[in-house]
Amino acid sequence: MARHEAVDLDGRDAITSEVKDFLARTGMSDTELGRRTSVPQTFIWHLKRGNFARVTPRVRRVLQYIHIKNEVADQDVTGVNQAIEGFIAAGGDLAVLRSSIEMLTRAYADI
């Protein structure tokens, strides 16, 4: 997938609907969704109005967050879930996995 994949009108409408439906169903504000996905509130505002022409890493991150919360099949989300299942199957401890993710989160936030 290209880093900044062009999106047609139908694709833009689908993304816009997905974001608006998620916010309406959860009662989450634009600000809260932005905070949870590390994008500005104004970015969420633009997504809801279809004011974008490309699927950027930010757009993908918002959609992946929504897919995780909605338990929707998504190639990247499915891959992460499969990795978690493999970790557990190999005898991995979820507490170790959680602390590893928290460590990666702190390191990523410092970049």
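**Aromatic, buried and loop residues in a predicted model**

At 10% relative accessibility, H67 counts as buried (under 20% relative accessible area with a 1.4 Å probe, protein chains only; over 50% is exposed and in between is partly exposed). The model is predicted, so local features need pLDDT of at least 70 and side-chain atom pairs count only at pLDDT 80 or more, while totals for chains, interfaces and linings use all residues. Residues are numbered from 1 along each chain as its sequence is written, and side-chain values use heavy atoms, with hydrogens and water left out.

**Surroundings of H67**
- H67 belongs to helix 4 (residues 57-70), where a helix is a DSSP run of H or I with at least four residues, numbered from the N terminus.
- Apart from neighbours within four places in sequence, H67 contacts E18, V72, D74 and V77 (heavy atoms within 4.5 Å).

**Aromatic rings**
- The structure holds one aromatic pair, with ring centres of Phe, Tyr or Trp (its six-membered ring) within 6.5 Å.
- F22 and Y65 form this pair in an edge-to-face arrangement, 6.2 Å centre to centre with 90 degrees between the planes (over 60 degrees is edge-to-face, under 30 stacked and the rest tilted).
- Because F22 lies in helix 1 (residues 9-26) and Y65 in helix 4, the pair ties together parts 43 residues apart in sequence.
- F22 and Y65 are both buried.
- The charged end of R58 sits over the F43 ring, 5.5 Å from its centre (CZ of Arg or NZ of Lys within 6 Å of the ring centre and within 35 degrees of the ring normal).

**Loop residue S38**
- S38 is found in the loop between helix 2 (30-37) and helix 3 (41-49).
- S38 is exposed, at 59% relative accessible area.
- The phi of S38 is near 60 degrees, a positive value in a residue other than glycine.

Methods:
Helix = DSSP H or I, 4+ residues; strand = E, 2+ residues; numbered from the N terminus.
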